[in-house]
Every structure is written in structure tokens, then in C-alpha cells.
Amino acid sequence: MKKSLFILALSLLVGFQANAQKVEFEEYKLDNGLHVILHQENGAPVVTVGVMYQVGAKDEIPGRSGFAHFFEHLLFEGTENIERGEWFNIVSANGGRNNANTSQDRTFYYETFPSNKLEVGLWMESERMLHPKIEKIGVDTQNEVVKEEKRQRIDNSPYGKIIYRTGVDKHLFKTHPYGRSVIGSMDDLDAAELSEFQDFNKQYYNPNNATLVVAGDIDVAATKKMIADYFGTIENNAETNIRETIVEPAITETRNATEYDSNIQIPAYIFSYITPKSVEKDAYVLDYISSILTGGNSSRMYKRMVDQDQVAVQVLAFGQANQDYGTYTMGALIKGEPDWDSLKATMDEEIKKLQTELITEKEYQKLQNQFETRFVNANSSIEGIASSLATYQMLQGDTSRINKELDIYRTITREDIMRVANKYLNPNQRVEIKYLAGTEPTNDKK
């Protein structure tokens, strides 16, 4: 959701310089089950208020996909005390910005304000949780907004089905709901009754299913009092979201698929794998592997396929470690007429090198430097810290992992890289996708 209405004059930098620093925080629970995380950083007069709800695309029922993402939009429509259409005006008038995003596992809303407007942020998020207006006019309005978002990002965007994974995950996951797209089906949303949206809100948007994070220039004691005042009396409409464990059977032989995209002229060849969930060390090792193989113009695949063999105009990679499983997708935009067998052999040769040869010490040091920089950048703003704190608490069960992640990367060895490449990146464990220009041919018989 691209709904930032203004940019604070401040940079939001909060004290991370050349080296990563420990993120201090305090966490506790209210009687109604709301998990609260506070991070005090008084380096700049800025504060972020965020609420993460444990509801994502994987919680939707068959035939009603897209609900979690739809609510990302719908819950900006208004509440009993915020008139319809006024949410963004209130944020802007108080010198703030806001946004929201949805994944397979959770939905996150946040506002960033000058720190003297902290109470406005807490009031607005308590309003969203306590009594949002789920009305037909709002559902109809946001239905059109979501349809337009789908057209812009996926239907009419080059390689949209790769970037947003609607043309990838369905081939990887046959049992687990990760096979469904986050944006969902427009037909499902059209078919839903107003009461179904109201029931979805009652089921998931409760204090016992949420984490509130307040990060920035705060007074902790005063903030706790405001949180108790605004959130402490909110009652739950349902039990905590207890998720069923769904096991995706391992891929044991190569799956082949073809996807079509009328927005492109250059075809692509894609390999995609199911990888470990976010809490496992091997997920971090795969981040290293992705960087080695396809991380920019100095990566092995780029040098081989673009510079040396000149069979590709670009290489690509998308790695994502979710709560239950991860995915790693790599590939190339093809130069000239595709020679699929040759492309496959080239890609497999580079993977094989990782499986049989240790990377050089120079490559290894470069990786460590890159990932330390990435970690520092991810936590160089109040908004980034707020999102990280909520994510580690809700999806990994340990808020303190924000201070452990860099150490995990530092413990990865060259031998780990070889081991993980052998464990997960074999031909019989993947989906191979030919991503072609044009539209899918019809099989209608005359």
C-alpha cells in the first residue's frame, strides 16, 4: 500500500553508524493479551507506532483468498470516531506518515509522527482495533482499489507474476497455503458477503492476536500509561489465532511449468526451490548463496551468463524465508532465442561449483561485509526497528533475535555454504519455469 502522505523533514536515523549496535527494548503483555514492545531512542524527535496482527494469506479459507491483504486497505476506511476518508488527513495534519503491508504470515500497520504526537498514533491504532467501520461502501471502494493494484503490479507489469510470485508459488506448494497469492482472487472478493468481512475482523483483529510496538523518542513510563489507557480495555472477540501445522511434501523430482506474460518481450528461465523457514540457520546460509550466485553484477551467474557467455541480459533472484517455509527463486532474462537445455546446463554448472568447491576467502569476506551493511541499513530508521521488533516477536517467537541475526550470519562458514547448496539446490528439488512472452494458448477444440 503506497499511502505515505508526506515525508518527515528528519532523516529518521537513530544512532547506527559504521557498526551495528544493540537494539534495547522492553516488552510486556496487557491483561487482554496484547503484546507490547517499547524501544526508546531519543536521538531524533520521531516516534513510530505499529501494530502487527497474526493474520496473513495463509489464514484464509479456500474460496475466500485475498482477505488479509484486503483488510490492509479496508481498515483505513474509518472508525466510529474517525470519519470515512479522514485517516490520512489526520496523519498529515499532525506531521506524520503511515503505511501498511501484508505477507503470507501477518499484517502490519504503522504511523510515524513527531514524538510530541505519540498519543495521536496510539489513539488511531486503538481506534482501528476497537471499532473499525466495516460497511458496504468501504468494501466496495476498496474492492476497486485492490483490483487496480493487481492490474498495476501483476496483470500489467512486466515479470509481475515472478516478482509477486503468483506464477511461482502455486507450482511449489501443493498442500500448504503458501501456494496462494497474497493479493488473492478478485472473484473470491467479489463473491464475499459483507458479513464475511465483519466476521474476519472479529476473528483476527483482536488484542490477543496482535503486537503493538512503539519505537523512538519516548518517555517509557508515560508511554506505558497511554498504552494502558488506549488499549487496556479493548476486549477480544475471539480466541487467539492458533494455527494448524501444515506440512508440504518435499519435491522429489523436477517439476516443469510454463507461464506467459503479455507485458514482456524477453523470456526468462526460472529455477525455484522450497527452503527452510526463517528461524533456521540454513535460511541465513541461503541468503549468502543467493548473493554469491545472483547478487548483482559481480555475482557468479551474472559474470558467467551476461558477461562471459552472453546468453542473458540480466540474472535475478528472490529469496524469502517465511514462518513455515522459505523459497529461493533464481533465473535469467534470456538474450536471443532460448536454448533451454544449454541455459539449464549453465545454471547447473554454477550451482555445482558451490556444491563441490569452497568459495574463496575473498568472496567470503565480501559476503560478511555486505550482510553487516544490510543489517545496519535495515535497522537504521525507527520504522525499520519497529517492524523488525514486531516480526521477530510474532513470527520467530523471540524479540531478542534482532540482536542475534548478525551473529548468525557471522557464524556461517564456507563449509556451511557448500553443505546447504548440496542439501537444497538439486535438480530433483525444484520447479523449472519457462516464462514466455505472450498469452497462454487456448486448447479449445473446434
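Visitor: What makes helix 10 and helix 16 roughly perpendicular to each other?

Guide: The axes of helix 10 (residues 281–294) and helix 16 (residues 414–424) come within 9 Å and cross at roughly 95°. Angles of 65 to 115 degrees count as roughly perpendicular, those under 35 as roughly parallel, those over 145 as roughly antiparallel, and the rest as oblique. Helix 10 is therefore roughly perpendicular to helix 16. An axis here is a line fitted to C-alpha atoms, for helices over the stretch in contact, and angles run from 0 to 180 degrees between N-to-C directions. The model is a predicted one, in which local features need pLDDT of at least 70 and side-chain atom pairs count only at pLDDT 80 or more, while totals for chains, interfaces and linings use all residues. Residues are numbered from 1 along each chain as its sequence is written, and side-chain values use heavy atoms, with hydrogens and water left out.

Visitor: Which residues of helix 10 and helix 16 make the contact, and how many of them are nonpolar, polar or charged?

Guide: Contact means heavy atoms within 4.5 Å. From helix 10 come Lys281, Asp282, Val285, Leu286, Tyr288, Ile289 and Ile292, and from helix 16 come Asp416, Ile417, Arg419, Val420, Ala421, Lys423 and Tyr424. By class, this contact has nine nonpolar, no polar and five charged residues. Ala, Val, Leu, Ile, Met, Phe, Trp, Tyr, Cys and Pro count as nonpolar, Asp, Glu, Lys and Arg as charged, and the others, Gly among them, as polar.

Visitor: Why are helix 11 and helix 12 called roughly antiparallel?

Guide: Helix 11 (residues 300–308) and helix 12 (residues 340–356) pack at an angle of about 150°, with their axes 10 Å apart. That angle lies over 145 degrees, so the two helices are roughly antiparallel. The contact involves Arg300, Met301, Arg304 and Met305 of helix 11, together with residues of helix 12 including Leu343, Met347 and Ile351.

Visitor: How do you know that the span of helix 12 is close to the expected one?

Guide: The expected span is 1.5 Å times one less than the number of residues. Helix 12 has 17 residues and reaches 24 Å from its first C-alpha to its last, close to the expected 24 Å. Its buried residues include Trp340, Leu343 and Thr346, and the buried residues pack against helix 10, helix 11 and helix 16, among others.

Visitor: What makes Leu212 a buried residue?

Guide: Buried means under 20% relative accessible area, exposed over 50%, and partly exposed in between (1.4 Å probe, protein chains only). Leu212 has 0% relative accessibility and therefore counts as buried. Leu212 lies in strand 6 (residues 210–216). Leaving aside neighbours within four places in sequence, its contacts include Leu34, Val49, Leu122 and Phe231.

Visitor: Why do Tyr159 and Arg165 count as buried?

Guide: Tyr159 has 16% relative accessibility, so it counts as buried. Arg165, with a relative accessible area of 9%, is therefore buried as well. Tyr159 is in the loop between helix 4 (136–155) and helix 5 (160–163), and Arg165 is in the loop between helix 5 and helix 6 (169–172).

Visitor: What is the phi of Tyr159 and of Arg165?

Guide: Most residues other than glycine have a negative phi. Tyr159, however, has a positive phi near 60°, and Arg165 has a positive phi of about 70°.

Technical notes
Helix = DSSP H or I, 4+ residues; strand = E, 2+ residues; numbered from the N terminus.
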